[in-house]
Every structure is written in structure tokens, then in C-alpha cells.
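Thank you for making time for this.

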Amino acid sequence: MDRLYFAPLASPFGRIWALKTEKGLVRLILPPTTPGRFDPGPSQLASWRDNYEPGYRLMESPSRLKDLEQWLKRYLEDGDPQQNIPLDLRGTPFQKKVWAIVKDIPYGHTVTYGSISVKLSKKSTSSRAVGSAVGANPVPLIVPCHRVIGENGKLVGFRSGLKMKQDLLRREGVLLL
């Protein structure tokens, strides 16, 4: 049986949950900043596993997530960590194409959903479809979906709330309107 390792990681925003396989990071769950949302614990992680990775055995292992913990510390305290975290992403081919583009957005920069849709094809790929794929990103921060903004610099969509998105962009030196 394959193993899915998990650990809680500390951050200035609260507890972040990380899950990884032998191949790489599968999921990063940021703390909720929206009232009424709860911080998942091990039982919720088991429920997630049952839905998305039923063949995996869930095991707590902070040592297996030490590299990610160091990456997060550098990112949140010092800026751009310039380190590649191995990923083991699950998604549709379209989602993976979007995530690959988002992963390449440089630290301290933003792009719009529309600009991603233009990069994807010469045909008109819907900004909404791109938004759905960005919203399904399983590893925020590593695939920096907080750097994707709406037209005219408007902050839209972020699973952990727009306040966290705004805080992350400010940490990166992005001037917001």
C-alpha cells in the first residue's frame, strides 16, 4: 500500500497541512481566513484521502516534510526561496497546463486569468475555465495561484480568502490598487 505522509506546518497565517507521496507534494491546505471555515485536522485529512487517494495509507511524518517546512520559512520570512519542491499533482490535462503556467509566474509579479488563457492556445480559452483550474490548484504557494489576479488588477478568488491573497502579494512587494 502506498503511503501519503502528512504534517502540520506553522506559518504566520496559522497551521498549514501538507500531504506528500514518495514522488512529491500532493496537497497543501492553507489555514482558512474566512469566518465560518474550519482548520482541518487528521480526521479531515483522512476523509480527503478516502475521497481522492483511497489506496494510500495516511501517516504523520514531519521529517518527510522538512524540506517543505524550510521552503515555507524562507518564503514567508525572507522572500523568494529559489528552491524546487518535488510535486505529485493530480488533475486533468487542462488543469496541469494551467498549473504549469502559474508555477512559472516569478516572485513579486502577477498575471491575469485572461493572459493565462491567451498563453494556453490561439483559440479563445475562457478566463472562467482558467479560473476554475487555478481554483483547483492543490498546492497553493508552491504553484503560486495568489499571483493570478483579475483584469484591471482586481483581487479575485483565493480559497483561503482575499485577505491572505493580499497579504501574500504584499509580502512579495506587489503594489495593489
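Which residues in α3 meet which residues in α5? Before I answer, please keep in mind that what you see is a predicted model. On the α3 side the residues are F94, Q95, V98, W99 and V102, and on the α5 side they are A129, V130, A133 and V134. If we sort this contact of α3 with α5 by residue class, we find eight nonpolar residues, one polar residue and no charged ones. As for the geometry, the axes of α3, which covers residues 93–103, and α5, which covers residues 127–135, come within 9 Å and cross at roughly 80°.

From α4 the contact draws on Y113, G114, I116, S117 and L120, while α5 contributes S127, V130, G131 and V134. By class, this contact of α4 with α5 holds five nonpolar and four polar residues, again with no charged residue.

Let me move on to the sheet. Four strands form an open sheet, in the order β3-β2-β1-β4, and the pairing is mixed. The edges are taken by β3, residues 25–29, and β4, residues 56–60, each of which has a single partner strand, so one side of each is left without a neighbour in the sheet. From one strand to the next, the twist averages 20°. Strand β1, residues 2–9, pairs with β4 in the parallel sense over five bridges, and within that pairing L4 has L58 of β4 as its bridge partner. Helix α1, residues 42–52, packs on this sheet and touches β1, β2, β3 and β4, and its direction makes about 160° with that of β4.

Finally, a word on the second largest pocket, whose volume is about 260 Å³. It is lined by 17 residues, of which W71, D80, K103, I142 and R147 are the closest to its centre. What is the class make-up of the lining of the second largest pocket? The lining residues divide into ten nonpolar, three polar and four charged.

Technical notes: Residues numbered from 1 in each chain as written. Predicted model: local features only at pLDDT ≥ 70, side-chain atom pairs only at ≥ 80, totals over all residues. Heavy atoms only, no water. Axes fitted to C-alpha atoms, helices over the stretch in contact; angles between N-to-C directions. Helix = DSSP H or I, 4+ residues; strand = E, 2+ residues; numbered from the N terminus. Contact = heavy atoms within 4.5 Å. Nonpolar A, V, L, I, M, F, W, Y, C, P; charged D, E, K, R; others polar. Pairing = 2+ DSSP bridges. 1 Å grid on protein atoms, 1.4 Å probe; cavity = no way out; pocket = protein on both sides within 12 Å on 5 of 7 lines; lining within 4 Å. Points joined across faces, edges and corners; volume = space filled by probe spheres on them.
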